[in-house]
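Visitor: I am new to this structure, and I would like to understand the words used to describe it. Could you take me through them with care?

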Amino acid sequence: MQGGGSLGAYECGVYKTLEKHGIELDIVAGTSIGAVNAAIIVGSKTNSPAQDLEHFWLTLADNITPSFLPNNIRSIYASMFAAIYGNSNAFEPIWFTLPYPIYNYSSSTSSSSYAIPHLYDTIPLKNTLSQFVDFDKINNYEYNNNISNKDVGGRRTPRLIVTSTDIQRSDSVTFDSKYMKIDADHIIACAGFPFYGIAWTYKDGKYLWDGSLLSNTPLREVIDASPKYDKIVYIVNLFPRYQEDLPQNIFDSWHRARDIIHTDKTDHNIRMSKVISRYLSLMRQMHDLLNNIQIEENMRDLYLQIEREYHNVAGDRGTIIEEITKIERSEDIHFIFEDADFSAATIKNLIKQGEKDADNAIAHKKKQKEKDHHLS
């Protein structure tokens, strides 16, 4: 799941549909607001992660912006309201809390001694996370995935992978519930978006910003963290890859540029997965052929060396992506601050849109499989 501010409500709708179709996930990964969504799904305090996630988004929804306004006017009004007053359950502007100048105010979300240039603090989001996320559930990954220790509904607890960016090294930083204890600060560290004035987080000896600065779709991080198991992948793309109409003004240009920067760019990973799959298939055929050939004694040591190397490569081959389903948000109105529109009407519309698009994507994938099966 990607980052995208209030557009993360669309991911809520997508997950509702995945749960409705009985699709159980082994790994849930996200960055920025996608990391928040992922944490709620994995650490759900009830037996219905989808219901908890929707409740979270309705908690974030702004009920002050009039719902009867046209969509474009409502987005402008709601984003301006959020910019001035913040969101009481997600972020608060520092000018309502302390009198210090914005260029050297140290955020209370960080233990760093450095002054942090920012406009909004994320303490409200941290408090809201505590209402919806059971971090003990997230951090008992091995225990929760023991067959005898499933929850009331028989669900396994998925593995949580979330990403942030090391400010000083320009490196992606991955937090993985299989190997470490994840807390609310790790999730907040994945959501510090500097272009909107959100503070960085000092965590585990690093100064961290939003993971979307390096990659808004953390598929590569999932492959690096879990390289030996083949994958069936669902990707939620919040920023449309294709837009037919060209920008008409500077704001349209900024909006389209933002979409291009943050849209899904995992096609290279998928192509490489297919290449690796073909190489492995060829290696397997050659290996089986050698096994059926009488090896001369003077070649046996070389054969055994090749045999060992083959098994090493086959075991550490890198993830093969067997199947991928992309659910992509479309838009009728292009507004640069659409990701700051938390109006209740917009949040509800995004959830419904995510549900519908996911349903369509799953149905399309099913038809394609049936067609391929018929042709074969």
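This is a predicted model: local features need pLDDT of at least 70, side-chain atom pairs count only at pLDDT 80 or more; totals for chains, interfaces and linings use all residues.

Visitor: Why is S164 called buried?

Guide: S164 has a relative accessible area of 1%, and since the cut-off for buried is under 20%, S164 counts as buried. This serine has its place in strand β4, residues 159–166, and, leaving aside its neighbours within four places in sequence, S164 is in contact with D171, S172, V173, F175, A189, C190, L208, W209, D210 and G211.

Visitor: How do you know that S177 counts as buried?

Guide: The relative accessibility of S177 is 4%, to be set against the limit of under 20%, and so S177 counts as buried. S177 is found in the loop between β5 (171–176) and α8 (184–189), where, apart from neighbours within four places in sequence, S177 is in contact with I138, Y141, R159, L160 and I182.

Visitor: Where is K265, and which backbone atom lies 2.5 Å from a polar atom of its side chain?

Guide: K265 is placed in the loop between α10 (250–262) and α11 (267–291), and the atom lying 2.5 Å from a polar atom of its side chain is the backbone oxygen of I261. Leaving aside neighbours within four places in sequence, K265 is in contact with T217, R241 and I260; K265 and T217 are 48 residues apart in sequence, yet 7.3 Å apart in space, C-alpha to C-alpha.

Visitor: Why does A345 count as buried?

Guide: A345 has a relative accessibility of 17%, and because buried means under 20%, A345 counts as buried. A345 lies in helix α13 and, neighbours within four places in sequence aside, is in contact with S67 and R74. A345 and N63 are 282 residues apart in sequence but 8.4 Å apart in space, C-alpha to C-alpha.

Visitor: Why are α1 and α13 called oblique to each other?

Guide: Helix α1 (residues 8–20) and helix α13 (residues 344–375) pack at an angle of about 45°, with their axes 6 Å apart. Angles under 35 degrees count as roughly parallel, those from 65 to 115 as roughly perpendicular and those over 145 as roughly antiparallel, with the rest called oblique, and therefore α1 and α13 are oblique to each other. Their crossing is right-handed, and the residues of this contact divide into 10 nonpolar, four polar and five charged.

Visitor: How do you know that α3 and α5 are roughly antiparallel to each other?

Guide: The axes of helix α3 (residues 49–60) and helix α5 (residues 123–132) cross at roughly 150° and come within 11 Å. Angles over 145 degrees count as roughly antiparallel, and α3 and α5 are therefore described in that way. The contact is made by D52, H55, F56, T59 and L60 of α3 and by L125, T128 and F132 of α5; by class, these are four nonpolar, three polar and one charged residues.

Visitor: Which residues of α1 and α2 meet?

Guide: G8, E11 and Y15 in α1 meet I33, G34, N37 and I41 in α2. The axes of α1 and α2 come within 9 Å and cross at roughly 35°, and α1 passes α2 in a right-handed crossing.

Note on methods: Residues are numbered from 1 along each chain as its sequence is written. Side-chain values use heavy atoms; hydrogens and water are left out. Axes are lines fitted to C-alpha atoms, for helices over the stretch in contact, and angles run from 0 to 180 degrees between N-to-C directions. Helices (H or I, at least four residues) and strands (E, at least two) are DSSP runs, numbered from the N terminus. A crossing is left-handed if the near helix is turned anticlockwise from the far one by less than a right angle, and right-handed if clockwise. Ala, Val, Leu, Ile, Met, Phe, Trp, Tyr, Cys and Pro count as nonpolar, Asp, Glu, Lys and Arg as charged, and the others, Gly among them, as polar. Buried means under 20% relative accessible area, exposed over 50%, partly exposed in between (1.4 Å probe, protein chains only). Contact means heavy atoms within 4.5 Å. A polar contact is a pair of N or O atoms within 3.5 Å; within protein, one must be able to donate a hydrogen and the other to accept it, and residues adjacent in sequence count only if both atoms are side-chain atoms.
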